[in-house]
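Could you walk me through this structure, starting at the surface and then moving on to the aromatic rings?

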Amino acid sequence: DFGRLSYDLVERYFQVCLFYGIYPSMFSQDGATERYWDNPSLYNRDRPLFRRYVPLIRRLSRAGWRPVTRAWASDPEVHVERYGAWPDLHLSLRNTRQVPATVAIMVDASALGLPAASIQARALLEGKEYALAGAGPVRQLIITMAPEATEVLHFH
């Protein structure tokens with residue numbers, strides 16, 4: 001029942017879609033009645049979400065999902081997925097906790113073929129830059145995530 005979905009719930013759905021790099025889908029229960037796309041008050045309300053998340057999902061899709069992440073979070077409740085490879089490396093992060101989480105994201109720089117030079121990660125939703133610290137094969141960055149939030153990091 002799309003009428004019962006708030007903007008915040010739709011955004012949460014889009015964030016889950018972003019984490020997995022899949023496009024959101026808005027189908028009715030039977031595919032024929034009370035369709036989302038027949039109701040301008042719904043799709044116009046959610047238009048900013050489509051504009052914000054669909055280009056990021058497309059970006060991850062183009063980079064390509066990689067089943068072996070070579071990256072992990074210090075908190076098991078923060079999940080990590082990998083898209084692409086250096087120099088087009090992305091990590092999507094999902095805080096599954098209902099409270100904020102400050103976590104270290106460890107990256108196996110050696111296995112991912114990252115250069116020895118200084119590497120930055122840009123949080124594509126938040127817009128912040130994070131330095132990938134450390135000189136060994138495993139480097140890390142510290143990020144704070146909102147409850148049940150997703151973030152995408154692009155390494156450069």
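This is a predicted model: local features need pLDDT of at least 70, side-chain atom pairs count only at pLDDT 80 or more; totals for chains, interfaces and linings use all residues.

You'll find isoleucine 22 in the loop between H1 and H2. Together with Val16 and Tyr20, Ile22 makes up a nonpolar patch on the surface. The accessible area of Val16, Tyr20 and Ile22 together comes to about 270 Å².

Now for the rings. Searching the whole structure turns up 9 aromatic pairs. One of them joins phenylalanine 14 and phenylalanine 50, with 4.8 Å from centre to centre and 90° between the planes, an edge-to-face arrangement. What does this pair tie together? Phenylalanine 14 sits in helix H1 (residues 7-20) and phenylalanine 50 in helix H2 (residues 40-63), so the pair links parts that are 36 residues apart in sequence.

Next, take a look at tyrosine 36 and tryptophan 37. Their ring centres are 4.9 Å apart and the planes meet at 85°; since edge-to-face means an angle over 60 degrees, this pair is edge-to-face. Are these two residues buried or partly exposed? Tyrosine 36 has a relative accessibility of 1%, so it is buried. Tryptophan 37, with a relative accessible area of 46%, is partly exposed.

Finally, step back to see how these rings belong together. Phe14, Phe50, Tyr36 and Trp37 are among the members of one aromatic cluster, which also includes Phe2, Tyr13, Tyr43 and Tyr53.

Definitions and conventions:
Residues are numbered from 1 along each chain as its sequence is written. Side-chain values use heavy atoms; hydrogens and water are left out. Rings of Phe, Tyr and Trp (its six-membered ring) pair if their centres lie within 6.5 Å; planes under 30 degrees apart count as stacked, over 60 as edge-to-face and the rest as tilted. Helices (H or I, at least four residues) and strands (E, at least two) are DSSP runs, numbered from the N terminus. Buried means under 20% relative accessible area, exposed over 50%, partly exposed in between (1.4 Å probe, protein chains only). Patches are made of residues with over 30% relative accessible area and no salt bridge: like charges are joined within 9 Å, nonpolar side chains (Val, Leu, Ile, Met, Phe, Trp, Tyr) within 5 Å. Accessible areas come from the Shrake-Rupley method with a 1.4 Å probe; for residues, only the protein chains shown count as cover. A salt bridge is a side-chain nitrogen of Lys or Arg within 4 Å of a carboxyl oxygen of Asp or Glu.
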